[in-house]
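User: I am new to this structure and would like to learn how to read it. Could we go through it feature by feature?

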Amino acid sequence: MSRPTHTLKHEHRIIEQALRALDGICTRLELGEQIPIEALNQMLDFVQIYADRFHHEKEELHLFPALQESGMQVEGGPLGFLKQEHHTERQLLIDLGVAVTDFRHGNETAKQRIIDIARNYSRHLLSHIRREDAILFMLAEEILDEPAKTSINYAFAKAENNFGDKSVDHYEQMAAELEKAWSV
Ligand SMILES: [Fe+2]
Ligand SMILES: [Fe+2]
């Protein structure tokens with residue numbers, strides 16, 4: 001059976017594709033290029049649904065609690081820190097959503113706000129991903145026993161099946177298309 005950290009690492013690689021697109025969109029906006037509102041909406045949809053609601057929720061609802069049960073510290077420890085980072089990323093996505101709406105309505109400050117928030121979000125999420133890949137997932141492989149890993153795998157499969165209107169595959173395809181269209 002595949003290991004839960006492999007699934008999460010795979011999702012990290014998909015999220016990185018979308019972040020390369022987001023950085024490309026920022027560079028193009030800085031250079032004065034016109035970006036269609038549909039591309040911004042698609043980008044927002046991906047980070048809100050796949051990165052935040054799907055990926056971060058899987059970590060928060062299944063991996064982190066299993067690690068906590070195995071003795072890893074939450075408050076003042078790595079899990080508390082990573083949860084706080086998810087919270088910061090969620091906050092940035094709310095701000096990005098407002099900026100994209102303002103941009104659609106022709107607000108003059110919206111373009112610069114999109115660039116600033118998106119760059120900040122991308123930087124923040126990339127360093128978060130690196131921390132999880134390099135430290136947390138390695139510890140998880142050592143700390144979690146086989147029954148715990150199997151139960152996380154089942155919970156992940158359930159989350160995938162209950163994804164919503166559009167499938168996980170749809171969003172993974174979307175990340176590849178966004179990267180192809182907008183990364184620089
Ligand atoms: Fe995370
Ligand atoms: Fe993650």
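**Reading the helix packing**

Analyst: The model is predicted. To begin with one pair, helix 3 and helix 4 are roughly antiparallel to each other.

User: What angle lies behind that description of helix 3 and helix 4, and how far apart are their axes?

Analyst: Two packed helices are described by the angle between their axes and the distance between the axes. For helix 3 (residues 78-104) and helix 4 (residues 110-143), the angle is about 155° and the axes are 9 Å apart. Angles over 145 degrees count as roughly antiparallel, and therefore this pair is given that label. The crossing of helix 3 past helix 4 is left-handed.

User: How many nonpolar, polar and charged residues are in the contact of helix 3 with helix 4?

Analyst: That contact has 15 nonpolar, four polar and seven charged residues.

User: Where does Leu 136 lie, and is Leu 136 buried or exposed?

Analyst: Leu 136 belongs to helix 4. The way to read burial is to count the C-beta atoms around a residue, with 20 or more within 10 Å needed for buried. Leu 136 has 22 other C-beta atoms within 10 Å, so Leu 136 is buried.

User: Which residues does Leu 136 touch, not counting those up to four places away in sequence?

Analyst: Pro 78, Leu 82 and Arg 131 are the residues that Leu 136 touches on that count. Sequence distance and spatial distance can also be set side by side. Leu 136 and Leu 79 are 57 residues apart in sequence, and their C-alpha atoms are 8.7 Å apart in space.

User: How many helices and strands does the protein have?

Analyst: The protein has six helices and zero strands. Read from the N terminus, the order of elements is α-α-α-α-α-α.

User: At what angle do helix 1 and helix 2 pack?

Analyst: Helix 1 (residues 4-30) and helix 2 (residues 37-69) pack at about 155°, and their axes are 11 Å apart. Helix 1 and helix 2 are therefore roughly antiparallel. Their crossing is left-handed. On the helix 1 side, the residues making the contact include Leu 8, Glu 11, Ile 15 and Ala 18, while those of helix 2 include Met 43, Phe 46, Val 47 and His 55. By class, the contact of helix 1 with helix 2 has 13 nonpolar residues, one polar and two charged.

User: Where is Phe 54, and why does Phe 54 count as partly exposed?

Analyst: Phe 54 is in helix 2. Phe 54 counts as partly exposed because 18 C-beta neighbours lie inside 10 Å, whereas buried requires 20 or more. Leaving aside neighbours within four places in sequence, Phe 54 is in contact with Ile 49, Ala 159 and Phe 163. Phe 54 and Glu 11 are 43 residues apart along the chain, with their C-alpha atoms separated by 9.6 Å.

User: At what angle do helix 1 and helix 6 pack, and how far apart are their axes?

Analyst: Helix 1 and helix 6 (residues 168-182) pack at about 35°, with axes 8 Å apart. Helix 1 passes helix 6 in a left-handed crossing. Among the residues making this contact are Ile 14, Gln 17 and Gly 24 of helix 1, and Ala 175, Leu 178 and Trp 182 of helix 6. The contact of helix 1 with helix 6 divides into nine nonpolar, two polar and three charged residues.

User: What does Gln 17 touch, not counting residues up to four places away in sequence?

Analyst: Gln 17, which lies in helix 1, touches Ala 175, Ala 176 and Glu 179 on that count. Gln 17 is partly exposed, because 19 other C-beta atoms lie within 10 Å. From Gln 17 to Glu 160, the separation is 143 residues in sequence and 20 Å in space, C-alpha to C-alpha.

User: What is the radius of gyration of the protein, and what would a compact globule with 184 residues have?

Analyst: The radius of gyration of the protein is 17 Å; a compact globule with 184 residues would have one near 16 Å, so the two agree. The C-alpha trace spans about 55 × 35 × 25 Å along its principal axes. Of the 184 residues, 27% count as buried. Among contacts with a separation of 6 or more, 79% are between residues 24 or more positions apart.

Notes:
Residues are numbered from 1 along each chain as its sequence is written. Chains are lettered from A and ligands numbered from 1 in the order in which they are written. This is a predicted model: local features need pLDDT of at least 70, side-chain atom pairs count only at pLDDT 80 or more; totals for chains, interfaces and linings use all residues. Axes are lines fitted to C-alpha atoms, for helices over the stretch in contact, and angles run from 0 to 180 degrees between N-to-C directions. Helices (H or I, at least four residues) and strands (E, at least two) are DSSP runs, numbered from the N terminus. Angles under 35 degrees count as roughly parallel, over 145 as roughly antiparallel, 65 to 115 as roughly perpendicular and the rest as oblique. A crossing is left-handed if the near helix is turned anticlockwise from the far one by less than a right angle, and right-handed if clockwise. Two residues are in contact if their C-beta atoms, placed from the backbone, lie within 7 Å. Ala, Val, Leu, Ile, Met, Phe, Trp, Tyr, Cys and Pro count as nonpolar, Asp, Glu, Lys and Arg as charged, and the others, Gly among them, as polar. The radius of gyration is taken over C-alpha atoms; the globule rule is 2.2 Å times the number of residues to the power 0.38. A residue is buried if 20 or more other C-beta atoms lie within 10 Å of its own, exposed if 12 or fewer, and partly exposed in between; C-beta atoms are placed from the backbone.
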